[in-house]
Amino acid sequence: MELDMPCARETSGPVIACFQSVNSSERTAFMLRAGDEYLASIQDGRQVYVGRDLVADVTTHRGFAGPARIVARLFDRSSADPSLSYVEQETGEKTNVNFLRPRSGEDLTLRRRLHTAWADESNGLFGRSPDHVAAMVTGMACRPEVTGNDQYAENLLNYWRHIRDNDLYLSFAVLPPAGSKSVKSSAVQNAMRVVETSEAGVKVRGFKMLATGGALCHEILVGNAQPLRSGDEAVAVSFGIAANHPGVKILARKPYAAHAVSNVDDPLADFDESDAAIYFDDVVVPWDRIFVLDDPKASYGLFVETPGHTLGNAQAHIRLLAKMRFMLAAAKRLGDALEFTGNPAVQGVLGGLAARVKMLEASVIAQESQPTRWDHGFVSQNREFMYANSNWSMEYFSDFATEMRHMLASHAFQQPADVGAFGNEYTRKLFLELHRTDDFEVAMSRYRLIRLMWGMVGSELASRNNQYELFYAGPPHVTRSRMYDCFDWESAEARVDAFLAQTAAADGIA
Ligand SMILES: Cc1cc2nc3c(=O)[nH]c(=O)nc-3n(C[C@H](O)[C@H](O)[C@H](O)COP(=O)(O)OP(=O)(O)OC[C@H]3O[C@@H](n4cnc5c(N)ncnc54)[C@H](O)[C@@H]3O)c2cc1C
């Protein structure tokens, strides 16, 4: 296997794609993907279920159309802005920075620019925007030998080339279903496992959790982002699969967007990125998409022994920064509108929250300014800082959101049931009086603001988003153990040894 060897393609003339992709067959590879092209590409016969119903077309379904348009907006943003692309060494083509394998601090800065641009488009409310999982695969492609098998390593590199050259949106399902953690093996009965291999590929059956964006993506990365045990060989398989591949069933949770009353009442409905359990109904994964087979260590190693986890989580932190800054600003606006920001105690609360936002920003900059160096000349954001930040945000975000709820107090419940109240002459008059104004615009802008705050901290979507911040990096005990594993204990403990030696010497013991 040669690390930097391009896959089968000509250096000039038409490009031969590494994989036949149903989604991308009609586009010229190497083009930066535009929004309308993205929307057309996901009308591909994928099998998304909402309850008992099979969704005919996610781009027109009430629960997914709005979120799909947000993803389209992200692609429009990156394809229109030359500062969000780079020239890929292997191809000489302009490519989305999402797929840049970083070799320097400047490359990390470039990556941050893309994460920031996309996070700003959703104000951080899209956790698994297309730059999350693609960043992971890009990181895996920096150290493909972790697969432990030359052919699989080549497959992984070719997969990265495929998603890179077609500017694809990936989600991932990298957890076994419930129950797997209470028994000795992760290979519980209903967990996705290999049931057969043949010339055609590797047949898998069972559940894999939990693909955020699964209904909207082009591809699903399947693997194991939590440590496996020996004995888990049947589930120790990693691969990339098209969302519309035969047998891939996408079982979406309740799409909140489908229940939105209006943009004013549910201003964040379009930002419901969706989550889905994935059922593999005897899916035959072609051999050239297999990255790991029968290897518990390598399947987990793809995440933590490559820059994959770090590049992916760096996106998560940059996105969280956009979200917390947006929430803070909305809280300040609420305080201004309801006239309580003049109170020094409230200013103190807002100041404390602002300090946390700046600490997060400092952590993002620190991760980038002290890169971790990997083999083959690649770098990632600083791993120790990255895991510290994952731990911090997992612990802290709920407190931040609770402070917002304190500020919102009962105001969400003092409002009319929905914006329709402003269309009835009598109730409109009453609500203007409630807002102590004759000016409809003033009352309406307060109403909008209060609905926005509720959308961020109180609604069903807000509750899901809170759960996301708690669990996006994995369960707390695993997130903490990753910090334990990567912390530089040696140099810290050396200080303790040196101190003890010093005191012993002072007593004349040494
Ligand atoms: C909104 C949301 C979006 C998500 N998106 C994705 C995604 O895109 N892709 C993906 O693959 N996954 C995703 N996840 C899944 C996420 O990685 C898991 O929620 C997380 O790893 C925990 O697994 P679990 O939910 O199965 O809970 P469990 O592992 O069943 O844990 C339940 C509880 O028990 C505790 N617990 C379990 N075992 C132990 C132990 N040994 N020691 C101490 N405590 C323990 C856990 O901390 C937790 O509090 C998402 C989760 C959420 C909530």
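Me: Which residue forms a salt bridge with Glu469?
Reply: This is a predicted model, where local features need pLDDT of at least 70, side-chain atom pairs count only at pLDDT 80 or more, and totals for chains, interfaces and linings use all residues. Residues are numbered from 1 along each chain as its sequence is written, and side-chain values use heavy atoms, with hydrogens and water left out. A salt bridge needs a side-chain nitrogen of Lys or Arg within 4 Å of a carboxyl oxygen of Asp or Glu. Here the closest N and O atoms are 2.7 Å apart, and the partner of Glu469 is Lys323.

Me: How many residues apart in sequence are the parts that Glu469 and Lys323 tie together?
Reply: Helices are DSSP runs of H or I with at least four residues, strands are runs of E with at least two, and both are numbered from the N terminus. Glu469 lies in helix α12 (residues 460–471) and Lys323 in helix α7 (residues 308–337), so the pair joins parts separated in sequence by 146 residues.

Me: Is Lys323 buried or exposed?
Reply: Buried means under 20% relative accessible area, exposed over 50%, and partly exposed in between, using a 1.4 Å probe and protein chains only. The relative accessible area of Lys323 is 4%, so Lys323 is buried.

Me: Which residue meets Arg161 in a salt bridge, N to O at 2.8 Å?
Reply: Arg161 sits in helix α5 (residues 150–165), and its partner in the loop between β3 (85–87) and β4 (94–96). Arg161 has 0% relative accessibility, so it counts as buried. The partner's side chain belongs to Glu90.

Me: What is the relative accessibility of Lys358?
Reply: Lys358 forms a salt bridge with Glu361. The two are 3 residues apart in helix α8, so about one helical turn separates them. Lys358 counts as exposed because its relative accessibility is 51%.

Me: How far apart are the end C-alpha atoms of helix α9?
Reply: The expected span of a helix is 1.5 Å times one less than its number of residues. Helix α9 (residues 383–408) has 26 residues, so it should span 38 Å. The distance in the model agrees, at 37 Å.

Me: Where does α9 bend by about 40°?
Reply: The bend at a residue is the angle between axes fitted to the seven residues ending there and the seven starting there. For α9, the angle of about 40° falls at Tyr396.
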